[in-house]
Amino acid sequence: MQREFMLICSYCDEYTLLGCYLPKQGRFQGEHSIVHNRHLESDALLCKFLVAHVGHPVRLVPDRTDEYTSALARLTRFAEDDIDRYVLEAKLAAEAHSRDREFDQGLGQLQLLILRQMLNHEAETVSRTPSLREADSQFLLGKQQALEWAAQTVEEIIRKGSPRPGREPA
Ligand SMILES: [Zn+2]
């Protein structure tokens, strides 16, 4: 089981909960809201705490220790009245960000589908253009091949760019 941490200022007798350290994201889970059953998922409150206690003796304390347990019971929780609101705001911002990303991806795919349609249409038009001279027909054939190549390239981009179902937003 991963350890959770708290940061304590022994000068002010105040603490802030950091949750577990997430090495991949390079941050802590952040303060926890029981109301929203969720961590802050950022170091925003940790940074506020550090700035509020600049020059004070601040210590990182792991859970399942006497100091951690006694701090929970004895010390003041930093910004306690704002934690639920911060966590809710962070949650809403994360959801909005994820919606924006999905929207942008969808829009990008739509633009590519339209482009592919246009290229295919143009290639077909060129292939049906009658030409009297040999030079003209060579030119039209080249143009048709170029358009088909472009349509194929767009097709590949569409296939590679499709969002995989169930993929978590980063
Ligand atoms: Zn302090």
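Trainee: Which domains does the domain assignment of the chain give?
Mentor: This is a predicted model, in which local features need pLDDT of at least 70 and side-chain atom pairs count only at pLDDT 80 or more, while totals for chains, interfaces and linings use all residues. Residues are numbered from 1 along each chain as its sequence is written. With bounds that come from an automatic or database domain assignment, the chain is given domain 1 (4–78) and domain 2 (99–161).

Trainee: What distance separates the centres of domain 1 and domain 2?
Mentor: The centres are taken over C-alpha atoms. On that basis, the separation between domain 1 and domain 2 is 56 Å.

Trainee: In which sense do β1 and β6 pair?
Mentor: Strands here are DSSP runs (E, at least two residues), numbered from the N terminus, and two of them pair if DSSP finds at least two bridges between them. Strand β1 (residues 4–9) joins strand β2 (residues 14–22) through six bridges in the antiparallel sense, with M6 facing its bridge partner L17. For β1 and strand β6 (residues 58–62), where L7 has L60 as its bridge partner, the five bridges run in the sense called antiparallel.

Trainee: Which residue in the turn between β2 and β3 has a positive phi?
Mentor: Strand β2 pairs with strand β3 (residues 27–28) in the antiparallel sense over two bridges, and Y21 has F28 as its bridge partner. The two strands form a hairpin with four residues between them. The residue in that turn with a positive phi, of about 70 degrees, is G26.

Trainee: How are α3 and α4 oriented to each other, roughly parallel or roughly antiparallel?
Mentor: Helix α3 (residues 83–127) and helix α4 (residues 134–161), each a DSSP run (H or I, at least four residues), pack with axes 9 Å apart and at an angle of about 160 degrees. The axes are lines fitted to C-alpha atoms over the stretch in contact, and angles run from 0 to 180 degrees between N-to-C directions. Angles under 35 degrees count as roughly parallel, over 145 as roughly antiparallel, 65 to 115 as roughly perpendicular and the rest as oblique. The two helices are therefore roughly antiparallel.

Trainee: How many nonpolar residues does the contact of α3 with α4 have?
Mentor: Residues count as in contact if their C-beta atoms, placed from the backbone, lie within 7 Å, and those that meet include L112, L119 and V126 in α3 and L140, L147 and V154 in α4. By class, six residues of this contact are polar and five are charged. Ala, Val, Leu, Ile, Met, Phe, Trp, Tyr, Cys and Pro count as nonpolar, Asp, Glu, Lys and Arg as charged, and the others, Gly among them, as polar; the nonpolar residues number 13.

Note on methods:
Contact = placed C-beta atoms within 7 Å.
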